[in-house]
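I opened this notebook to record what I looked up in one chain, entry by entry. The sequence and the structure come first, and my notes follow.

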Amino acid sequence: YMDRNFVTQYKKVPVYEMGLMIFREKVSGHARVKSQLLTLMLDNINAERRGEQVDRILLKHTVNMLVELGVQGKNVYRECFEDQFLDHTRKFYQDESKQYISQNPCSDYLKKAEKRIREEKARVENYLHETTMEKIQELCDEEWIQVHYKTLIHMENSGCAWMFQCDKIEDLERMYLLFCRVPVTLKEVQKVMMDCM
């Protein structure tokens with residue numbers, strides 16, 4: 001009744017939206033709640049990256065709540081979670097990729113990169129908002145491929161030239177499929193291929 005009559009007649013904010021705005025300001029926007037919520041969400045995502053079981057349904061509901069609170073032109077999901085999630089993810093993968101490339105051959109690194117990219121895609125599909133997909137894919141491409149592609153191509157006894165010489169077709173295919181995600185990297189592969197002919 002209020003939405004149909006009073007709200008439209010006096011050009012007020014609908015009752016449901018007003019409730020969301022008050023909840024956003026008084027509860028989810030409260031400094032301690034906001035901080036604790038972000039910490040819990042990031043800790044759960046980190047636990048999942050380490051292979052632990054997490055409550056994906058709870059994470060999905062929490063993400064949906066943040067998206068739903070984005071009324072009156074405010075993007076609560078991005079401001080309260082997504083920006084920090086992407087920063088946290090970048091740091092996590094910077095550290096992990098540096099460590100992994102220093103301790104493993106090229107083919108193992110490519111498998112790990114492929115796995116991590118798949119996991120992040122599944123994470124968005126399972127409980128994060130769809131607007132995060134493109135951003136997380138770009139971040140993974142940058143941290144797993146673009147930053148390390150020259151090192152991967154020129155790795156001694158496991159890099160691109162070695163793969164060509166030893167007919168490692170499966171590894172070359174994996175490298176090509178990953179590097180296609182960052183097309184500028186393919187020029188270097190092409191140079192190595194020409195040198196091997």
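**Entry 1: overall make-up**

I began with the secondary structure and found eleven helices and zero strands in the chain, where helices (H or I, at least four residues) and strands (E, at least two) are DSSP runs numbered from the N terminus. Read from the N terminus on, the elements run α-α-α-α-α-α-α-α-α-α-α.

I note that this is a predicted model, in which local features need pLDDT of at least 70 and side-chain atom pairs count only at pLDDT 80 or more, while totals for chains, interfaces and linings use all residues. Residues are numbered from 1 along each chain as its sequence is written, and side-chain values use heavy atoms, with hydrogens and water left out.

I then looked up burial for the chain: of its 197 residues, 38% are buried, where buried means under 20% relative accessible area, exposed means over 50% and partly exposed lies in between (1.4 Å probe, protein chains only). For contacts, meaning heavy atoms within 4.5 Å, I took the pairs at least 6 apart in sequence and found that 70% of them join residues at least 24 apart.

**Entry 2**

Two packed helices are described by the angle between their axes and the distance between the axes. The axes used here are lines fitted to C-alpha atoms, for helices over the stretch in contact, and the angles run from 0 to 180 degrees between N-to-C directions.

How do helix 5 and helix 7 cross? The axes of helix 5 (residues 76-103) and helix 7 (residues 132-146) come within 9 Å and cross at roughly 20°. Helix 5 is therefore roughly parallel to helix 7, given that angles under 35 degrees count as roughly parallel, over 145 as roughly antiparallel, 65 to 115 as roughly perpendicular and the rest as oblique. The crossing of helix 5 past helix 7 is right-handed, a term used if the near helix is turned clockwise from the far one by less than a right angle, with left-handed used if it is turned anticlockwise. On the helix 5 side, I listed Tyr 77, Phe 85, Leu 86, Arg 90 and Tyr 93 among the contact residues, and on the helix 7 side the list includes Lys 135, Ile 136, Leu 139, Cys 140 and Trp 144. The residues of this contact divide into eight nonpolar, four polar and six charged, with Ala, Val, Leu, Ile, Met, Phe, Trp, Tyr, Cys and Pro counted as nonpolar, Asp, Glu, Lys and Arg as charged, and the others, Gly among them, as polar.

I next took helix 4 (residues 56-68), which packs with helix 5 at an angle of about 140°, with the axes 7 Å apart. Helix 4 and helix 5 are therefore oblique to each other. Here Val 63, Leu 66 and Val 67 of helix 4 meet Val 76, Tyr 77 and Phe 81 of helix 5, and the contact residues divide into six nonpolar, no polar and no charged.

Is Ser 97 buried or exposed? Ser 97, found in helix 5, is buried, with a relative accessible area of 0%. Not counting residues up to four places away in sequence, Ser 97 touches Tyr 109, Glu 143, Trp 144 and His 148. I also noted that its C-alpha atom is separated by 8.1 Å from that of Ala 113, 16 residues apart along the chain.

Glu 48 lies in helix 3 (residues 31-49) and counts as buried at 12% relative accessibility. With residues up to four places away in sequence left out, Glu 48 touches Val 54, Arg 56, Arg 123 and Tyr 127.

Asn 46, found in helix 3, is buried with a relative accessible area of 14%. With the same exclusion of residues up to four places away in sequence, Asn 46 touches His 88 and Phe 92.

In helix 10 (residues 169-179) the buried residues are Asp 171, Leu 172, Arg 174, Met 175, Leu 178 and Phe 179. They cover an arc of only 160° around the axis, which puts them on the same side of helix 10; the arc is that of the directions from the helix axis to the C-beta atoms. The face turned away from the buried side of helix 10 carries the exposed residues Ile 169 and Glu 170.

In helix 11, I found Glu 188, Val 189 and Val 192 buried. They cover an arc of only 100° around the axis, which puts them on the same side of helix 11. On the other side of helix 11, Lys 187, Lys 191 and Met 194 are exposed.
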